[in-house]
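Me: Could you help me get to know this protein through a few questions? I am new to reading structures, so please take it step by step.

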Amino acid sequence: MGEIRPYQRCTQCVMDTTDSKIIFDENGVCDHCRNFEKNIKPYWKPQENRFEELEEIAKKIRKAGKGKEYDCILGLSGGADSSYLAYIAKEVMHLRPLIFVVDTGWNLNVAVENIEKIVKYTCYIADGTERVDTDPFELVQKAEELGAGEVIINLIDNDGMMKGYDIDLVRGVSDRVKVPVIAIGGAGGIEDLKNVLKNGHAHAAAGGSMFVFYGRLKAVLITAPSEKELTEAGIYQN
Ligand SMILES: [Zn+2]
C-alpha cells in the first residue's frame with residue numbers, strides 16, 4: 001500500500017494533489033507552473049504579431065510538400081484547439097494537412113459534428129452561391145447514373161490559389177465513376193498537373209491562373225507549358 005498523500009494545492013495556480021504525479025517545490029509551487037515559466041513563457045509572446053514568423057514556417061512546409069499528396073499531418077479531436085489549428089493550417093498557412101482522427105466511441109456529439117464540418121466537402125450550385133445537401137461523391141455517382149458523359153470537378157476554395165489540386169477530392173470522385181474526370185481548381189505548375197493525374201486518378205487536368213499569371217509579381221502573361229516540358233514531366237506523350 002502506498003502512503004496517503006496529504007492534500008496540497010499550488011501557491012500559484014489551481015492544481016492540487018488530485019494530480020497524483022504533481023511535485024511541489026519548497027515554495028509550494030507546482031511542476032506545471034515551473035514548466036510554464038521555464039519552457040513556455042520565454043517563447044510565448046501573445047502581444048506580438050508574429051504572423052511573418054508563422055508564414056516563414058508555412059513557406060518551408062509548403063516547399064517540402066511540393067508534388068506530394070499532403071504537406072503535414074494534423075491530429076483532430078473535434079475540440080476547440082485542434083479545430084482552430086485545422087482552420088489555421090488550411091486557410092491561413094495554406095497547407096494541405098492529412099487530418100488524423102481517432103474515434104474511441106466516447107467522442108462527444110459536438111466533437112463529431114465539428115469534425116464533420118471541418119473534413120466534409122459540400123457541393124454548391126449557381127456559381128457557388130447555393131449550397132446543396134449532398135456530398136460530391138454521391139453527387140457524381142447520381143450524375144453518372146443519369147447519363148453524364150464526363151465530370152469536371154472544381155474545388156472552389158482552391159480556385160485561383162495556385163497551391164495544388166485537392167488530391168483527396170479528385171481521387172474520391174475519379175475512383176467512383178467510370179466516365180472521364182477533369183480536375184480544376186489549384187493548378188500552380190506542371191508538378192501539380194502531374195500530381196493530380198497520378199495521385200488523383202484524373203483523366204485530364206485543367207487550369208486557369210497558371211497559364212495567365214507569371215512570376216513573383218503575378219504579371220499577366222498568357223502562356224502554357226511547352227510540349228517539351230510536358231513530355232519531360234512524363235505527362236504528355238508525343
Ligand atoms: Zn501551479
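**A residue on helix α3**

Reply: Happy to! V92 has 12 other C-beta atoms within 10 Å, so V92 is exposed. Keep in mind that this is a predicted model.

Me: Is Y87 buried or exposed?
Reply: Y87 also lies in helix α3. To decide, count the other C-beta atoms within 10 Å: a residue with 12 or fewer is called exposed. Y87 has 12 of them, so Y87 is exposed.

Me: How far apart in space are Y87 and I118?
Reply: In sequence, Y87 and I118 are 31 residues apart. Going from C-alpha to C-alpha through space, the separation is 8.0 Å.

Me: What kinds of residues make up the side of domain 2 that touches domain 3?
Reply: The chain is divided into domain 1 (7-44), domain 2 (51-119) and domain 3 (133-232). The C-alpha centres of domain 2 and domain 3 lie 22 Å apart, and five residues of domain 2 are in contact with six residues of domain 3. On the domain 2 side, the residues that touch domain 3 are no nonpolar, two polar and three charged.

Me: Which strands stand at the edges of the open sheet of three strands?
Reply: The sheet has the order β5-β6-β7, with parallel pairing. An edge strand has a single partner, so one of its sides is left without a neighbour in the sheet. The edge strands here are β5 (151-154) and β7 (204-205).

Me: Which residue stands opposite A204 in β7?
Reply: Strand β6 spans residues 181-184, and two bridges join β6 to β7 in a parallel run. The residue opposite A204 is I182.

Me: Which element gives the most residues to the largest nonpolar core?
Reply: This core has 17 residues, and V170, A183 and V196 have the most contacts inside it. The elements giving two or more residues are β5, α6 (167-174), β6 and α7 (190-198). With four residues, the one that gives the most is α6.

Me: Which residues is V170 in contact with, leaving aside its neighbours within four places in sequence?
Reply: V170 is one of the residues with the most contacts inside the largest nonpolar core. With those sequence neighbours set aside, the contacts of V170 are I153, Y165, V181, A183, V196, G200 and A202.

How values were computed: Residues are numbered from 1 along each chain as its sequence is written. This is a predicted model: local features need pLDDT of at least 70, side-chain atom pairs count only at pLDDT 80 or more; totals for chains, interfaces and linings use all residues. Domain bounds come from an automatic or database domain assignment. Two residues are in contact if their C-beta atoms, placed from the backbone, lie within 7 Å. Ala, Val, Leu, Ile, Met, Phe, Trp, Tyr, Cys and Pro count as nonpolar, Asp, Glu, Lys and Arg as charged, and the others, Gly among them, as polar. Two strands pair if DSSP finds at least two bridges between them. A nonpolar core is a set of buried Ala, Val, Leu, Ile, Met, Phe, Trp, Tyr and Cys residues joined through C-beta atoms within 7 Å. A residue is buried if 20 or more other C-beta atoms lie within 10 Å of its own, exposed if 12 or fewer, and partly exposed in between; C-beta atoms are placed from the backbone.
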